[in-house]
Amino acid sequence: MDNEVPAGSTTSTLGHLALGLTLLAFGLGTTRVIDGVTVADSVSIATYIGGIGLFVLGVLAFRDQDAFTGTAFAGLGAFWFTWAAGADTKFSSNAAGLFLVLFALLALSLAAGAAGTGLLRQGTYGLLFLALVLLAIGQFAGSSSLAKVAGWVAVVAGAVAWYGATAALAKWPTALPRRAAGRGVTATG
């Protein structure tokens with residue numbers, strides 16, 4: 001494995017830890033894999049860590065002239081805060097699905113914008129996009145099974161975000177080694 005680990009900024013590392021923890025709590029609650037834990041139990045984490053915390057980190061990233069990280073964290077902070085604030089409100093399934101689709105588009109933009117920043121960061125946003133799309137489809141179709149699948153995708157996205165941030169702090173490897181072209185391949189015949 002490649003031992004070159006870009007440390008990134010403190011804002012980026014802390015933000016990805018916050019995003020990872022929020023996604024893990026939200027995803028595990030959605031899957032209901034832990035007895036007695038539901039998605040409603042992640043509202044506090046979504047409000048303070050995912051919502052307010054990420055939004056403030058986004059503003060700090062903008063101050064540091066980091067437009068991508070600022071956009072990512074401010075946008076995702078707005079998502080988590082809005083989701084948590086409306087968690088006790090009854091919305092139609094279509095309204096909830098539309099909300100998820102709109103923020104899935106943000107996640108898709110972030111995944112595209114993260115090209116070249118590393119597989120972990122791009123993977124986090126790509127998996128978040130997939131989780132939100134699956135949740136939206138589940139809302140439109142009234143499918144709790146699809147919501148559980150989306151929850152598992154959110155758990156994986158959270159684990160990827162958490163690992164990426166932890167790797168930056170601990171200087172763990174984040175990339176697989178690359179083979180030189182033609183090496184390891186022999187022609188016969």
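Q: Among contacts between residues at least 6 apart in sequence, what share joins residues at least 24 apart?
A: In this protein the share is 70%, where contact means heavy atoms within 4.5 Å. This is a predicted model, in which local features need pLDDT of at least 70 and side-chain atom pairs count only at pLDDT 80 or more, while totals for chains, interfaces and linings use all residues. Residues are numbered from 1 along each chain as its sequence is written, and side-chain values use heavy atoms, with hydrogens and water left out.

Q: OK, and how many helices and strands are there?
A: The protein has six helices and zero strands, counted as DSSP runs numbered from the N terminus (H or I, at least four residues, for helices; E, at least two, for strands).

Q: Which residues in the largest nonpolar core touch the most other members?
A: Leu76, Trp80, Tyr125 and Leu132 do, in a core of 35 residues. Such a core is a set of buried Ala, Val, Leu, Ile, Met, Phe, Trp, Tyr and Cys residues joined through side-chain atoms within 4.5 Å, and buried means under 20% relative accessible area, with exposed over 50% and partly exposed in between (1.4 Å probe, protein chains only).

Q: Changing topic, what does UniProt list as "transmembrane region"?
A: The unreviewed UniProt entry lists residues 12-31, 43-62, 68-86, 98-119, 125-142 and 149-170; such annotations may be inferred rather than shown by experiment. In the model, residues 43-62 are 100% helix, with end C-alpha atoms 26 Å apart, and residues 125-142 are 94% helix, with end C-alpha atoms 25 Å apart.

Q: Which residues make the nonpolar surface patch?
A: Leu98, Val101, Leu102, Leu105, Leu108 and Phe140 make a patch of about 530 Å², and five of its residues come from helix H4 (residues 93-113). Patch residues have over 30% relative accessible area and no salt bridge, with like charges joined within 9 Å and nonpolar side chains (Val, Leu, Ile, Met, Phe, Trp, Tyr) within 5 Å.

Q: Why does Phe140 count as partly exposed?
A: Because its relative accessibility is 43%; Phe140 sits in helix H5 (residues 119-141).

Q: Last one: which side chains meet in a salt bridge?
A: Those of Asp64 and Arg63 do, at 3.7 Å from N to O, the term meaning a side-chain nitrogen of Lys or Arg within 4 Å of a carboxyl oxygen of Asp or Glu. Asp64 is partly exposed at 44% relative accessibility, and Arg63 is exposed at 59%.

Key. Areas by Shrake-Rupley, 256 points an atom, 1.4 Å probe, with all protein chains shown as cover.
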